[in-house]
Amino acid sequence: MGLSPTAGLCEDDADLRGVVRDVLAREGFAVRTTATGSEAVAAFGADPPDVLILDVGLPDADGRDVCQALRARGVGTPVLFLTARDALPDRLSGFHAGGDDYLTKPFAIAELVVRVQALVRRGAAGTTAAVAEAASDAAAMRLDPAAHAIVLGDRSVPLTPTEFRLLARLAAKPGEVVRRPALVAAAWPDGAIVHDNTLDTYVARLRRKLREAGTEDTIQTARGVGYRFG
């Protein structure tokens, strides 16, 4: 027999967390649970599961920022967001943050199980070797979704929420050019009018903050196309 698929669950509601954990366990998953965004980044960044169920409304962080922080660490695990928000801009922001599926509360447990199983079938399990290798050079730098900060050793440099999401989107694809529309979609609400010089200004701020943090990583310009991190 093969190994059981692994599921990570980050949900601050203890009752719901217990129900989801028990149901997935009965379906054959080995389930690990956390209750905060900081716990999720620490637990699932170091040891990615096959699928991650992530509440958007966490007590210490936005679940979408947690997803971006994990993506920036090279974690390619499929992510299912749980949220009480069902407006289209909220759903789109979840996908732009690196999510793979979206389930609105209240939901049927049977539907959650089916969606989780579908993500496991579709997705690569955990961090792919290619992504992990590409992210290894940036491993010393972490993004803290609770503090919205760059963390390097004992040094922490605060970011605005927009700066955090922009840097996380870039760091998720180290060495690759991320096109300007993709950066805008990841960092600003759906429908926001963001001029080219606004994006450039934010990138300039991030470059200064990366230097302040002491990391060797930088953001390079692909003129007329976008930016590259690494």
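Start by selecting Asp100 and Arg71: their side chains meet in a salt bridge, 3.2 Å from N to O. Asp100 sits in the loop between α4 and β5, and Arg71 sits in helix α3, so the pair ties together parts that are 29 residues apart in sequence. Keep in mind that this is a predicted model.

Now colour the two partners by accessibility. Asp100 is partly exposed, at 32% relative accessible area. Arg71 has a relative accessible area of 15%. Buried means under 20%, so Arg71 counts as buried.

Follow the loop from Asp100 into β5. Show the open sheet of five strands. Its order is β2-β1-β3-β4-β5, and the pairing is parallel. Which strands stand at the edges? Select 30–34 for β2 and 101–104 for β5. Each has a single partner strand, so one side of each is left without a neighbour in the sheet. Neighbouring strands are turned by 20° against each other on average, direction ignored.

Select residues 6–10, strand β1. Five bridges join β1 to β2, and the two run parallel. Pick Cys10: its bridge partner in β2 is Thr34.

Pick Leu82, and look for Leu103 of β5 standing opposite.

What do β4, α4 and β5 make together? They form a right-handed β-α-β unit.

The structure holds 13 salt bridges. Select Asp65 and Arg165 for another one: the closest N and O atoms are 2.7 Å apart. This pair links distant parts of the chain, 100 residues apart. Asp65 belongs to helix α3 (residues 63–72), and Arg165 to helix α7 (residues 161–171). Arg165 counts as partly exposed, at 22%.

Stay on helix α7 and select Glu163. Glu163 forms a salt bridge with Lys209, with the closest N and O atoms 2.7 Å apart. Lys209 lies in helix α9 (residues 196–213), so the pair ties together parts that are 46 residues apart in sequence. Glu163 counts as buried, at 2% relative accessibility. Lys209 is buried too, with a relative accessible area of 19%.

Then select Glu11, Asp55 and Lys105. These residues are linked in a network of salt bridges.

**Into the cores**

Hide the charged side chains and turn to the nonpolar ones. In soluble globular proteins, nonpolar side chains tend to be buried together. The largest nonpolar core here has 44 residues. Which of its members touch the most other members? Select Leu54, Leu143, Ile150, Leu167 and Ile219.

Zoom in on Ile219. Leaving aside neighbours within four places in sequence, Ile219 is in contact with Leu167, Leu170, Val203, Leu206, Arg207, Leu210, Tyr227, Arg228 and Phe229. A second, separate core has 16 residues. To find this core, select Val20, Val23, Val51 and Val116, which are among its members.

Methods: Residues are numbered from 1 along each chain as its sequence is written. This is a predicted model: local features need pLDDT of at least 70, side-chain atom pairs count only at pLDDT 80 or more; totals for chains, interfaces and linings use all residues. Side-chain values use heavy atoms; hydrogens and water are left out. A nonpolar core is a set of buried Ala, Val, Leu, Ile, Met, Phe, Trp, Tyr and Cys residues joined through side-chain atoms within 4.5 Å. Buried means under 20% relative accessible area, exposed over 50%, partly exposed in between (1.4 Å probe, protein chains only). Contact means heavy atoms within 4.5 Å. Two strands pair if DSSP finds at least two bridges between them. Helices (H or I, at least four residues) and strands (E, at least two) are DSSP runs, numbered from the N terminus. Axes are lines fitted to C-alpha atoms, for helices over the stretch in contact, and angles run from 0 to 180 degrees between N-to-C directions. A crossover is right-handed if, with the strands pointing away from the viewer, the path from the first strand over the helix to the second runs clockwise. A salt bridge is a side-chain nitrogen of Lys or Arg within 4 Å of a carboxyl oxygen of Asp or Glu.
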